[in-house]
Amino acid sequence: HFKEGAPMVAAMKSDVPIINAGDGGHFHPTQTLTDLLTIKRKKGSLHNLTVGFCGDLKYGRTVHSLIAALSRYEGIKFVLISPDELKIPDYVKDEFLADNFTETRNLEEVIPELDILYMTRVQGERFEDKAEYERLKDVYVLNAKKLSLAKKTLSVMHPLPRVNEIDTDVDADLRASYFEQARLGRYIRMALILKLLSENDGRKNALVGERHEKRVCKNKKCITRTERGILHLSENGRCIYCDSYV
C-alpha cells in the first residue's frame with residue numbers, strides 16, 4: 001500500500017491475518033524475510049557482517065526493515081551510502097542503530113570492506129518534487145569496474161525492480177545475488193501464507209499508545225492523514241502507524 005501504516009489499520013478491522021507486503025516508505029517485512037534467507041544462504045550466518053546500503057535510504061522501506069532485523073544479530077556493522085537528501089530517517093537511527101554505523105556519499109571508498117552490498121533504486125513515486133528525483137535518480141550506478149574493488153566474497157543484493165543502479169555487466173558476476181534473492185522471495189511468501197492458513201488463534205491487534213484525538217501526524221504519507229475514523233495514537237513521541245515523530 002502506498003500509505004504508511006495502512007497494514008496496521010487493516011489488521012485492526014480484519015478477523016483474518018493481514019500480511020504487510022510493504023507500506024509506503026515505511027517497512028517491508030516480507031522482503032526482509034527474503035533478504036535474511038538470502039544472506040544466510042550466501043554467508044552461512046547472520047552474525048559478524050559488514051552490510052552496506054546504497055541509494056535511497058530515506059524512502060527505501062526494504063532498507064528500513066532489513067536494518068531493523070539485522071540489528072538483532074551480533075557483530076553487524078552498517079555502512080549507509082547516500083546523498084544528504086536521501087539519508088536514513090531519524091526513527092530508524094534512533095531505534096535500530098547505535099554506534100555500529102557509518103555514513104558516506106562515496107560507494108567506491110567503502111565497497112572494499114563490505115560483505116553485503118544492498119543496492120536500491122531511487123523511487124520516483126516517493127518524491128513530491130519531480131525535479132529533485134531527476135537530479136538524484138542516477139546518483140549511484142554499480143558496474144563491473146566498481147565491483148572490481150570489492151571482496152571476492154561480496155554478495156550484491158537488490159529488492160528489484162532495478163532501473164539504472166546496477167549495470168547489466170554485473171549480472172554474470174558470481175557476486176550478483178539479486179536474481180537468487182528474487183527466487184527465494186517466492187518460497188518465503190509461500191511459507192508465510194502456509195503458516196497463516198494453518199494457524200487461527202483468534203487474537204486481535206491491541207491498540208497501544210497515548211491517545212491524541214486532536215493531533216495529526218506530521219507525515220503527509222501516513223494513513224491517518226487520509227483515512228477517516230482512525231484513532232491518532234503515539235508511543236514514545238512517535239506515531240504508531242508510520243513511526244514519524246508527532
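Figure 1. Pro 161 sits in the loop that runs between strand S5 (155-157) and helix H8 (residues 178-197). Its peptide bond with Leu 160 is cis, with omega about 0 degrees. Most peptide bonds are trans. Helices (H or I, at least four residues) and strands (E, at least two) are DSSP runs, numbered from the N terminus. The model is predicted, and local features need pLDDT of at least 70, side-chain atom pairs count only at pLDDT 80 or more, while totals for chains, interfaces and linings use all residues. Residues are numbered from 1 along each chain as its sequence is written, and side-chain values use heavy atoms, with hydrogens and water left out.

**Figure 2. The whole protein.** The protein has 8 helices and 8 strands. Its C-alpha atoms fill a box of roughly 55 × 45 × 30 Å along the principal axes. Of the 246 residues, 48% count as buried, where buried means under 20% relative accessible area, exposed over 50%, and partly exposed in between (1.4 Å probe, protein chains only). Among contacts (heavy atoms within 4.5 Å) with a separation of 6 or more, 66% are between residues 24 or more positions apart.

**Figure 3. Helix H3 and its cover.** In helix H3 (residues 61-70), 10 of the 10 residues are buried, so the helix is largely enclosed by the rest of the structure. The buried residues include Arg 61, His 64 and Leu 70. Their cover includes helix H2 (29-43), strand S1 (50-54), strand S2 (77-81), helix H4 (90-96) and strand S4 (116-119).

Figure 4. The 15 residues of H2 should span 21 Å at 1.5 Å a residue, and the end C-alpha atoms are 21 Å apart, which agrees; the expected span is 1.5 Å times one less than the number of residues. Buried residues of H2 include Thr 30, Thr 34, Leu 36 and Ile 39. Among the elements that cover the buried residues of H2 are H3, S4 and H8. Leu 37, also in H2, is partly exposed at 29% relative accessibility. Leaving aside neighbours within four places in sequence, Leu 37 is in contact with Leu 184 and Ile 188. Its C-alpha atom lies 8.3 Å from that of Gln 181, 144 residues apart in sequence. After H2 comes Gly 44, with a positive phi near 80 degrees.

Figure 5. A salt bridge is a side-chain nitrogen of Lys or Arg within 4 Å of a carboxyl oxygen of Asp or Glu, and the whole structure holds 12 of them. Glu 180 pairs with Arg 41 at 3.5 Å, N to O. This pair links Glu 180 in helix H8 to Arg 41 in helix H2, 139 residues apart. Glu 180 also pairs with Lys 42, the closest N and O atoms being 3.0 Å apart. Lys 42 lies in helix H2 and Glu 180 in helix H8, so this second pair ties together parts that are 138 residues apart in sequence. Arg 41 is exposed at 51% relative accessible area, whereas Lys 42 is partly exposed at 33%.

Figure 6. The side chains of Asp 173 and Arg 175 form a salt bridge of 2.9 Å, N to O. Asp 173 is partly exposed, with 24% relative accessible area, and Arg 175 is buried at 8%. Elsewhere, salt bridges that share partners join Arg 41, Lys 42, Glu 180 and Arg 183 into one network.

Figure 7. Most residues other than glycine have a negative phi. Asn 236, in the loop between strand S7 (233-235) and strand S8 (238-239), has a positive phi near 55 degrees. This residue is exposed, with a relative accessible area of 70%. Asp 243 has a positive phi of about 75 degrees and lies in the segment after S8. Asp 243 is buried, with a relative accessible area of 15%.
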